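Please keep the sequence and the model in view while reading.

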Amino acid sequence: MSDNKNRDLFDDFFGSVSDLSDSLKKTADFTQDIAKPTGLEDTIARNQAGMTELLGRGDSRLNDIVTDVYKDFFGNDFVDRFNDNKGADADTALKNAITNALYAPVENALPRDTAAPASDATALPDQNPSSGNPAGPSAAAGAAPSAAGDQAQARTAEAQTEKKPEKSGMEQLEELIGLDSIKHDVRELVNLVKIQKLREEKGLAYVPTSLHLVFAGNPGTGKTTVARILAQLYKEIGVLSKGQLVEVDRSGLVAGYVGQTAIKTQEKIKEAMGGVLFIDEAYALNKEGPDYGQEAIDTILKAMEDNRKDFVVIAAGYTELMERFINSNPGLKSRFNKYLTFPDYTAEEMMAIFDINCKKYSYTLSDEARTAVEALIREREANKGENFANARDVRNIFEAIITNQASRVAALENPSEEDITTILPEDLSDFS
């Protein structure tokens, strides 16, 4: 794009795609406290108008950029449809592809109950408070509620019926297998933050405490789980207003074209405001050579500075790589001054995790199978290499075993409940 007008047009288009992505995520939640996203029809209409104008310029470069933007946010479905319609001209084919693969599913996912008052802010997704249909190109006025809406209503009713009281953050923390040093560090951190907040509220001198953290350790050591619990703990003590965890990695922050990484990163920051932005493999943002990762880092650092009271960032990854990453930038080093180092699980802890999976999915190990699983896990733990993945390895072992067990039981003529639920030594044949 060669002038400011084109840049403004594209920026608005990109922003509308990002807004649409956020709206679709909220719509898909089907939870009691999330209504049909406010202004969704306007977002769709704004996005369609921007897309139409960009493609109408007849510039193949613009076509490619529009395609890349949609691909980043929504995947390859509409691209596949585009490739199936190459007989038409490029603009028409792409517009039809986006209509069929993007807007139509949006329309179908939003039931059209026009009887609900527009002011009903607590309406469920299947109790649409707005009048009229989405303004997408395939919207049809007066259409009957879709099957997707009926399914949404059923899921919502089921969730309301089965919802159990949520455990406190500390209860969830204590239930985790192992991680004794992490539990100790989290308790100390939460107590410190809680008391400093109390001192501030009473007008006493208090020590400003950074809430931003580095979670260092190998894969499968519980970093994401602890981050989610910590977000809840911060909400419980009044440090965060919402306590949600937004997980991202490099692909969720960095765009492939000039000037758009900051916009993409800001959208994730906005989503995480009031909670925790969890950046997995954060060191991947710091690549050598020409790259837009630094733009993401700068945007995050500014947000950390501007939103000290209600925004927490946790950067996670391998210990050595995270240390190198944090030390590479003075801004990072000054803001991330507390590390929580997650140890690898012991063989005993990995076996306990295996047992939790068995209990969760109603499987029982025979005595011989238990001996075999314990031996397998001890061997894995004793000879772990750089690809050792702790709890993820346990999960992979569990899934391989129950796959073998299913094949064995499927061959039985009339399997009993005991047959269906029992794991035998031969189900470990893949590991012999």
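How many bridges join E2 to strand E3? Four bridges join these two strands, E3 covering residues 276–280, and the pair runs parallel. Helices (H or I, at least four residues) and strands (E, at least two) are DSSP runs, numbered from the N terminus, and two strands pair if DSSP finds at least two bridges between them. Within this pairing, Glu247 stands opposite Phe278 in E3.

This is a predicted model, in which local features need pLDDT of at least 70 and side-chain atom pairs count only at pLDDT 80 or more, while totals for chains, interfaces and linings use all residues. Residues are numbered from 1 along each chain as its sequence is written, and side-chain values use heavy atoms, with hydrogens and water left out.

E2 and E3 belong to an open sheet of five strands, ordered E2-E3-E4-E1-E5 with parallel pairing. Strand E2 (245–248) and strand E5 (339–342) stand at the edges with a single partner strand each, so one side of each has no neighbour in the sheet. From one strand to the next, the twist averages 20°.

The helices may be taken next. The axes of helix H8 (residues 180–201) and helix H9 (residues 223–236) come within 11 Å and cross at roughly 20°. Axes are lines fitted to C-alpha atoms, for helices over the stretch in contact, and angles run from 0 to 180 degrees between N-to-C directions. H8 and H9 are therefore roughly parallel to each other; angles under 35 degrees count as roughly parallel, over 145 as roughly antiparallel, 65 to 115 as roughly perpendicular and the rest as oblique. Ile182, Val186, Leu189, Val190 and Val193 in H8 meet Val226, Leu230, Leu233 and Tyr234 in H9, where contact means heavy atoms within 4.5 Å. By class, the residues of this contact are nine nonpolar, no polar and no charged. Here Ala, Val, Leu, Ile, Met, Phe, Trp, Tyr, Cys and Pro count as nonpolar, Asp, Glu, Lys and Arg as charged, and the others, Gly among them, as polar.

Helix H15 has two packing partners to consider. Helix H15 (residues 347–360) packs with helix H17 (residues 391–410) at an angle of about 45°, their axes being 9 Å apart; the two are therefore oblique to each other. On the H15 side, Met350, Ile353, Phe354, Asn357 and Cys358 take part, meeting Ala391, Val394, Arg395, Ile397, Phe398 and Ile401 in H17. This contact has nine nonpolar, one polar and one charged residues.

The axes of H15 and H16 come within 9 Å and cross at roughly 135°, and these helices are therefore also oblique to each other. Ala347, Glu348, Met350, Met351, Phe354 and Asp355 of H15 make the contact with Arg370, Val373, Glu374, Ile377, Arg378 and Glu381 of H16. Its residues divide into six nonpolar, no polar and six charged.

Two loop residues deserve a look. Ser362 is not a glycine, yet it has a positive phi of about 60°; its place is in the loop between H15 and strand E6 (364–365). Asn390, likewise other than glycine, has a positive phi near 55° and lies in the loop between helix H16 (367–382) and H17.

Finally, confidence must be considered. The mean pLDDT, the predictor's confidence in each residue from 0 to 100, is 78 for the protein, and 63% of its residues reach 70 or more. Over residues 26–37 the pLDDT is below 50, although this stretch has 30 contacts in the model beyond near neighbours in sequence. Where pLDDT is low, the predicted coordinates should not be read in detail.
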